[in-house]
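The exercises below are worked on one structure. Try each task before reading its solution.

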Amino acid sequence: MNQSSLGYISKIEPFGTFDGPGIRSIIFLSGCPLRCLYCHNPESWQANIGIRKTPEEILELAKRNQPYYGTNGGVTFSGGEPLTQPQYLLECLTLLKEAGIHTAIDTSGYSTSPLLPEILKTVDLVIYDLKAAEDNLYEKITSRKMDVTENFLKLAQSLKTPLWIRQVLVPGLNDNLVNLVATAQRIAKLDYVEKIEILPYHTLGKSKYELMEIEYPLGNAPAMSMTEGQKWQTQLIDLVNKIKSSE
């Protein structure tokens, strides 16, 4: 078996209900090029750590769980950043597609892999993490420039890939009208968007930084309540709709 057919996986959640439609098996692939201020999975930054499984083993797991998926569940590849292991990801997606199992990737779109077109043609849904709609804020949050993810999004648009758009809101960082308007304007320009979500910032990953002896980037920033997050989400969706209707 060649090396590309073994992936590094930080964890597996057999029955998730958050990362895509229906009940899903969530495969968290190791490795991420970003260092987001609010990252709650720092243990997944390194690419070559974790349990190792072949695409065939992922397919076997999915088939065992398939009775629970119903008509709209399936498998989601998250991370870290699943595009950090593009060959392995594509092999998994291909096998699952051949088996008739719905697939999604939860991604920041930060990859320049030549396999991106094939990945986007094979996957059923992209859950796109829109870190920020403006260059300076994107770099502040991720420590990277946003041209790479912009190119990914352009490719996804050209291939008519279905999208869920998500953004994490952190009190005092990006929970403001300037970011709301910029985000709405960015989303309003996109086609094939099926869902828009605001993810309220939480501090559940803070203890991981302590265990890894890494300084927590956001210090004592407070968590955002689900109620507050829902308010921002409603405002964002309303604004996107207004912008689109005025065009």
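**Exercise 1. Cysteines**

Is Cys39 buried or exposed, and what is its relative accessible area? Then decide how many disulfides the structure holds.

Solution. The model is a predicted one.

Step 1. Cys39 has a relative accessible area of 16%. The cut-off for buried is under 20%, so Cys39 counts as buried.

Step 2. Take the sulfur of Cys39 and look for the closest cysteine sulfur. That sulfur belongs to Cys36 and is 6.5 Å away, too far for a bond.

Step 3. Repeat this for Cys32. Its closest cysteine sulfur is again in Cys36, at a distance of 6.3 Å, which is too far for a bond. Cys32 is buried, with 15% relative accessibility.

Step 4. A disulfide needs two cysteine sulfur atoms within 2.5 Å. The count for the structure is zero disulfides.

**Exercise 2. Arginines over rings**

Which ring does the charged end of Arg52 sit over, and which does Arg166 lie over?

Solution. 

Step 1. For Arg52, the ring is that of Tyr8, with the charged end 3.9 Å from the ring centre.

Step 2. For Arg166, the ring is that of Phe18, and the distance to the ring centre is 4.3 Å.

**Exercise 3. Strand pairing**

Work out how β1, β2, β4 and β5 pair, and in which sense.

Solution. 

Step 1. Start with β1 and β2. They are antiparallel and share five bridges. Lys11 stands opposite Phe28 of β2.

Step 2. Go from β2 to β4. These strands run parallel and are joined by five bridges. Among the bridge partners are Ile27 with Phe77 of β4 and Ser25 with Val75 of β4.

Step 3. Go from β4 to β5. This pairing is parallel over four bridges, and Gly74 has His102 of β5 as its bridge partner.

Step 4. Check how covered the strands are. In β2, six of six residues are buried. Arg24, Ile26 and Phe28 point one way, and Ser25, Ile27 and Leu29 point the other way. In β4, five of five residues are buried.

**Exercise 4. The surroundings of Thr103**

Where does Thr103 lie, and which residues does it touch?

Solution. 

Step 1. Thr103 is in strand β5 (residues 102–107). Its relative accessible area is 0%, so it is buried.

Step 2. Compare sequence and space. Thr103 and Gly74 are 29 residues apart in sequence, yet their C-alpha atoms are 5.8 Å apart.

Step 3. List the contacts, leaving out residues up to four places away in sequence. Thr103 touches Arg24, Val75, Leu93, Leu96, Thr122, Val123, Asp124 and Leu125.

**Exercise 5. Helix α1**

Locate the kink in α1, and state what its buried residues pack against.

Solution. 

Step 1. Helix α1 covers residues 55–69, and a kink of about 35° lies at Lys63, shortly before the proline Pro67.

Step 2. The buried residues of α1 are Pro55, Ile58, Leu59, Leu61, Ala62, Asn65 and Tyr69. They pack against β1 (7–16), β2, β3, β4 (74–78) and α2 (86–98).

Step 3. Look past the end of the helix. Gly70 follows α1 and has a positive phi, near 65°.

Note on methods. Residues are numbered from 1 along each chain as its sequence is written. This is a predicted model: local features need pLDDT of at least 70, side-chain atom pairs count only at pLDDT 80 or more; totals for chains, interfaces and linings use all residues. Side-chain values use heavy atoms; hydrogens and water are left out. A charge sits over a ring if NZ of Lys or CZ of Arg is within 6 Å of the ring centre and within 35 degrees of the ring normal. Buried means under 20% relative accessible area, exposed over 50%, partly exposed in between (1.4 Å probe, protein chains only). The bend at a residue is the angle between axes fitted to the seven residues ending there and the seven starting there. Helices (H or I, at least four residues) and strands (E, at least two) are DSSP runs, numbered from the N terminus. Contact means heavy atoms within 4.5 Å. Two strands pair if DSSP finds at least two bridges between them.
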